[in-house]
Amino acid sequence: MTTGHYRHPGAPMVAALVAAFALLATCDDSRMFAAEVAGSDPLPNFVLIYIDNVGYGDLGCYGNKVIRTPNMDRLATEGVRCTDFYIVTSSCSPSRGALLTGRYPLRNGLTWQLKPDENLSGIGLPHSELILPHYLKQRDYATACFGKWNIGFAEGNRPTDRGFDEFFGGASGNMDYYSHVYNGRNDLFRGTQPVRVEGYSTDLFADAACRFIGQNADRPFFLYVPFNAAHVPNPKNKPAGEPCLWQAPAEYFEMYGDSPDEQDPVKGYRAVMTALDAGVGRIVAEVDNRGLADNTVIFMISDNGASVLEKLVLEVGTNFPLRDGRTTVYEGGVRTPCIVRWPKRIKPGTLCREPLCNLDILPMVLGAAGCDLPTDRILDGHDPTETLAGETDSPHEHIFFHFRKHSGVRAGRYKLVRPDPEAPFELYDLTSDIGETTDLADQKPAVASRLRGAFEDWYHQFGQ
């Protein structure tokens, strides 16, 4: 190369070339030089599957002997199954806000379940809050959300306003599985525009997810799939006179020898769950068939426990062996299924018995992607990667819970619960009493006092 024919590339490129040739001069092995120039391993992909109102005891791998969930069970054998994973609040909207911000609802401002009008035109999660895809844009990730949004769909709050390149799903979430109607209006959107699409919602969201994976197989991506299954059907989504029943394609009823017109809610629910399992399986298969398994982190988490109120006859999910369910902070409301597969980092077929929570997903993703953590706000989650890999204990000294009048805190084996601000705190030893049947507050006053002090210090920092 002669200087007379060389076009100057600019100072940064010159510096890079000088460094590269200097390295070449010191390398005996050209492969070492190539590896150094090529840089580090490719950025991991992330698939975050957030299922809706599925109880701790609803999956085969969590002990259910009736509902067929072979794909989720297989995912557990290929990764780590968490036995003590928590959602820090026990309802759909604040659960999603906490997941996507890595911040407690009392800190991020979304503490309540959005009402029908708020789902479409309300702010919901404040504009000042930053969510996962925003941070991943530091690293040029392709991002998409397919499914239940439910944290506010006013201008500035929609998925494509908050860092997602694509959105296809329900603004509200609790829409009809086939008509996609929510409280008398169409709830299905592509981007910011309402659309009419034929099909079963679980299948539609799985289809969109598989397409996105295929289109972005050659670049890092973050895929958020908050299925609306297995949320209970809403009679307000039905035309007058049409029965409100669990809905799934006929093949999932037939797997159990049942009719698609089945009116038994227990039989309907298991068909919906198996249809959901098939959707999860298709997404995982797309990752695997594209050769992306080793470098893709897959999370499968329920947003809160199943509802177990007897008056809600269609809500037949189970949190067994846990106490109570959705909207409470007893274990059945806040301890949920969680499976994580990451072949590069997590051994297959393992259990994690350490307390972790949905606040931890954001710092784990940012850490794996090499993103800078924010310095202008507090993150309440902690990167759980080493804990999931079986290398360390839980990164949490305490995990706090709050929804409506319900409050609580877990620290190690003990959990303090207050079902109402006027009620006394209850203390449970979860190691020996996972069902929270025996209140130990009087027997272990020092433990109860210590946890109460920790809870009150945490709670009062938010001006409560």
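The model is predicted: local features need pLDDT of at least 70, side-chain atom pairs count only at pLDDT 80 or more, and totals for chains, interfaces and linings use all residues. Residues are numbered from 1 along each chain as its sequence is written, and side-chain values use heavy atoms, with hydrogens and water left out.

**Helices**

Helices (H or I, at least four residues) and strands (E, at least two) are DSSP runs, numbered from the N terminus. Axes are lines fitted to C-alpha atoms, for helices over the stretch in contact, and angles run from 0 to 180 degrees between N-to-C directions. Angles under 35 degrees count as roughly parallel, over 145 as roughly antiparallel, 65 to 115 as roughly perpendicular and the rest as oblique.

Two helix pairs involve α10 (residues 265–289).

| Pair | Angle | Axis distance |
|---|---|---|
| α8 (residues 201–215) and α10 | about 5° | 9 Å |
| α3 (residues 70–78) and α10 | roughly 45° | within 7 Å |

Helices α8 and α10 are therefore roughly parallel. Their contact (heavy atoms within 4.5 Å) includes Ala 206, Cys 210 and Ile 213 of α8, and Leu 276, Gly 279 and Ile 283 of α10. It has eight nonpolar, three polar and four charged residues. Here Ala, Val, Leu, Ile, Met, Phe, Trp, Tyr, Cys and Pro count as nonpolar, Asp, Glu, Lys and Arg as charged, and the others, Gly among them, as polar.

Helices α3 and α10 are oblique to each other. Pro 70, Asn 71, Met 72 and Leu 75 of α3 make this contact, with residues of α10 including Leu 276, Val 280 and Val 284. The classes are seven nonpolar, two polar and one charged.

Helix α12 (residues 361–369) is largely enclosed by the rest of the structure, because seven of its nine residues are buried. Buried means under 20% relative accessible area, exposed over 50%, and partly exposed in between (1.4 Å probe, protein chains only). Among the buried residues are Ile 361, Met 364 and Ala 369. Gly 370 follows α12 and has a positive phi, near 75°.

**Buried loop residues**

Gly 79 sits in the loop between α3 and β2 (80–82). Its relative accessibility is 0%, and it counts as buried. Gly 79 and Arg 345 are 266 residues apart in sequence, yet 9.5 Å apart in space, C-alpha to C-alpha. Not counting residues up to four places away in sequence, Gly 79 touches residues including Val 340, Ile 346 and Pro 348.

Asn 150 lies in the loop between β4 (142–148) and β5 (166–170). It is buried too, with a relative accessible area of 2%. With the neighbours up to four places away left out, its contacts include Cys 92, Gln 113 and Ser 172.

**Pocket and cavities**

On a 1 Å grid over the protein atoms alone, a cavity is a set of points where a 1.4 Å probe fits but cannot get out, and a pocket is an open set with protein on both sides within 12 Å along at least five of seven lines; lining residues have an atom within 4 Å of a point.

Of its 28 lining residues, the closest to its centre are Gln 113, Asn 174, His 231, Glu 315 and Arg 326. The lining divides into 11 nonpolar, 11 polar and six charged residues.

The structure also holds four cavities of 30 Å³ or more. The largest cavity has a volume of about 60 Å³. Among its lining residues are Trp 246, Tyr 269 and Glu 315.

Technical notes. Grid points are joined across faces, edges and corners, and a volume is the space filled by probe spheres set on the points.
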